[in-house]
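Work through the exercises below with the sequence and the structure in view. Each task is followed by its solution.

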Amino acid sequence: MSLLSVEDLRLSFGGLAAIDGLSFSVDEAEIVSVIGPNGAGKTSAFNCVTGFYRPTSGRITLRDKNLLGLRPSAVAGLGVARTFQNLRLFGELSVLDNVRAGSHLWLRQSVLDALLHTPRYRRSERECTEQAHHWLDFVGLRGDRYGAARNLPYGEQRRTEIARALARRPDLLLLDEPAAGLNHGEKEEMLDLIRRIQGLGVAIVLIEHDMGLVMEVSERVVVLNFGKEIADGRPEDVRENPAVIEAYLGSDAHA
Ligand SMILES: Nc1ncnc2c1ncn2[C@@H]1O[C@H](COP(=O)(O)OP(=O)(O)O)[C@@H](O)[C@H]1O
Ligand SMILES: [Mg+2]
């Protein structure tokens with residue numbers, strides 16, 4: 001059984017088909033990349049899986065559990081975490097608190113415990129902070145953890161967002177262009193981080209434009225073009241696929 005299964009997904013916005021029949025699956029601890037030109041429907045596909053968009057039709061299951069129609073918080077509760085193409089940190093909150101917000105999802109806390117500041121509540125708060133430090137160490141954050149998240153350099157904010165996603169202890173992590181805007185050295189570190197996340201047993205779906213990174217890290221690559229799936233296969237096969245070359249280079253390339 002696959003961890004994630006997406007079958008014949010379709011999504012339209014007022015008549016415009018953003019996704020026009022996308023099917024792919026992800027196994028446990030597998031890395032699958034979704035690539036394609038801008039506007040191909042990649043982020044929309046993530047939004048469908050995570051409950052931010054409601055697809056027009058199709059099936060999305062996580063270990064045979066239906067995800068369609070669930071709210072984002074319910075999908076997250078089932079073990080799916082994500083990062084955003086445009087970072088969504090709480091800029092005024094500290095870096096540490098941003099990551100703490102991730103672990104609150106799985107710590108069992110009652111409102112009454114919180115109001116009364118019971119020992120159980122204090123213990124769980126402490127655990128939450130320890131976890132946040134652990135994940136910030138894991139992603140290799142170099143900046144100030146106690147300062148506002150918006151003061152971190154861009155690359156460090158990307159790491160913080162990944163730490164927050166990992167604090168949710170996901171089985172599946174969706175990364176939307178994690179290497180965008182990073183310099184060469186930072187990209188190398190991102191590649192290493194993605195591999196270490198896989199090493200934890202977490203499956204990853206990666207949207208990424210850097211083909212070097214995609215080819216290096218992916219077990220499978222799914223290619224979207226204008227909402228249509230034009231290829232799904234091993235990186236070395238996808239790279240040679242004429243439809244993929246055409247989509248990336250346009251018909252001019254044949255001239
Ligand atoms: N909320 C939305 N409302 C209207 N159109 C949208 C919305 N989200 C995405 N789209 C459209 O869907 C298409 C795919 O967008 P997107 O999924 O962001 O592409 P990608 O991530 O591959 O660059 C684009 O034409 C985009 O304008
Ligand atoms: Mg996108």
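Helices (H or I, at least four residues) and strands (E, at least two) are DSSP runs, numbered from the N terminus. The model is predicted: local features need pLDDT of at least 70, side-chain atom pairs count only at pLDDT 80 or more, and totals for chains, interfaces and linings use all residues. Residues are numbered from 1 along each chain as its sequence is written, and chains are lettered from A and ligands numbered from 1 in the order in which they are written.

**Exercise 1.** Find the residue just after α7 that takes a positive phi, and describe α7 itself.

Solution. Step 1: G201 has a phi of about 95 degrees.

Step 2: α7 runs over residues 184-199 and spans 23 Å from first to last C-alpha, close to the expected 22 Å (1.5 Å times one less than the number of residues).

Step 3: M190, I194 and I197 of α7 are buried (20 or more other C-beta atoms, placed from the backbone, within 10 Å of the residue's own; exposed means 12 or fewer, partly exposed in between). They lie on the same side of α7 because their arc around the axis is only 65 degrees, taken from the directions from the helix axis to the C-beta atoms.

Step 4: H184, G185, D192 and G199 are exposed on the other side of α7.

**Exercise 2.** In which order do the four strands of the open sheet stand?

Solution. Step 1: The order is β2-β1-β4-β5, with antiparallel pairing (strands pair if DSSP finds at least two bridges between them).

Step 2: β2 (16-26) and β5 (65-66) are the edge strands, each pairing on one side only.

Step 3: Two bridges join β4 (residues 57-62) to β5, and T61 is opposite N66 in β5.
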